[in-house]
Amino acid sequence: MSKEYYKKCIIDDRAQIAKERERKKKDNARYAALIKSARDTTTKANYRKSKIDVAARHDAAILRLKKIMQCHQDNLKRCK
């Protein structure tokens, strides 16, 4: 693979990480609104649990994307 390919991949990886962080913010805001508007305590508890689960999924996706970006950076160094 060429240097240009890996540079493009790294740029794409950074964009994907930024999109995932934005999705995490939106989901957190959505669940916060749901928690605030819920009247029943069990519903609030379920929303809180869901919020934590969704945030954990976003964090795992961000870590996965960071690992992929690191692999692309390592491959770029090997090309030099």
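**View 1. Helix α2 belongs to what covers the buried residues of helix α1.** Contact here denotes heavy atoms within 4.5 Å, and helices are DSSP runs of H or I with at least four residues, numbered from the N terminus. The model is predicted, so local features require pLDDT of at least 70 and side-chain atom pairs pLDDT 80 or more, whereas totals for chains, interfaces and linings use all residues. Residues are numbered from 1 along each chain as its sequence is written, and side-chain values use heavy atoms, leaving out hydrogens and water. The buried residues of α1 are Tyr6, Cys9, Ile10, Asp13, Ile17, Glu20, Asp27, Tyr31 and Ile35; buried means under 20% relative accessible area, exposed over 50%, and partly exposed in between, with a 1.4 Å probe and protein chains only. Helix α1 has 35 residues and reaches 51 Å from its first C-alpha to its last, close to the expected 51 Å at 1.5 Å a residue. The expected span is 1.5 Å times one less than the number of residues.

**View 2. Helix α1 is included in what covers the buried residues of helix α2.** In α2, the buried residues are Val54, Ala55, His58, Ala61, Ile62, Leu65, Met69, His72 and Leu76. With 39 residues, α2 reaches 57 Å between its first and last C-alpha, close to the 57 Å expected at 1.5 Å a residue.

**View 3. Helices α1 (residues 3–37) and α2 (residues 41–79) cross at roughly 170°, and their axes come within 9 Å.** This crossing makes α1 roughly antiparallel to α2, a term for angles over 145 degrees. Axes are lines fitted to C-alpha atoms over the stretch in contact, with angles from 0 to 180 degrees between N-to-C directions. Residues of the contact of α1 with α2 comprise 18 nonpolar, 7 polar and 14 charged. Nonpolar covers Ala, Val, Leu, Ile, Met, Phe, Trp, Tyr, Cys and Pro; charged covers Asp, Glu, Lys and Arg; the others, Gly among them, are polar.

**View 4. The largest nonpolar core has 7 residues: Tyr6, Ile10, Ile17, Ile62, Leu65, Met69 and Leu76.** Each of α1 and α2 supplies at least two residues of this core, and α2 gives the most, with 4 residues. Such a core is a set of buried Ala, Val, Leu, Ile, Met, Phe, Trp, Tyr and Cys residues joined through side-chain atoms within 4.5 Å. Not counting residues up to four places away in sequence, Met69 touches Ile10, Asp13, Arg14 and Ile17.

**View 5. Arg23 lies in helix α1.** Arg23 has a relative accessible area of 43% and is therefore partly exposed. Its C-alpha atom is separated by 9.7 Å from that of Ala55, 32 residues apart along the chain.

Conventions. Parallel < 35°, antiparallel > 145°, perpendicular 65-115°, else oblique.
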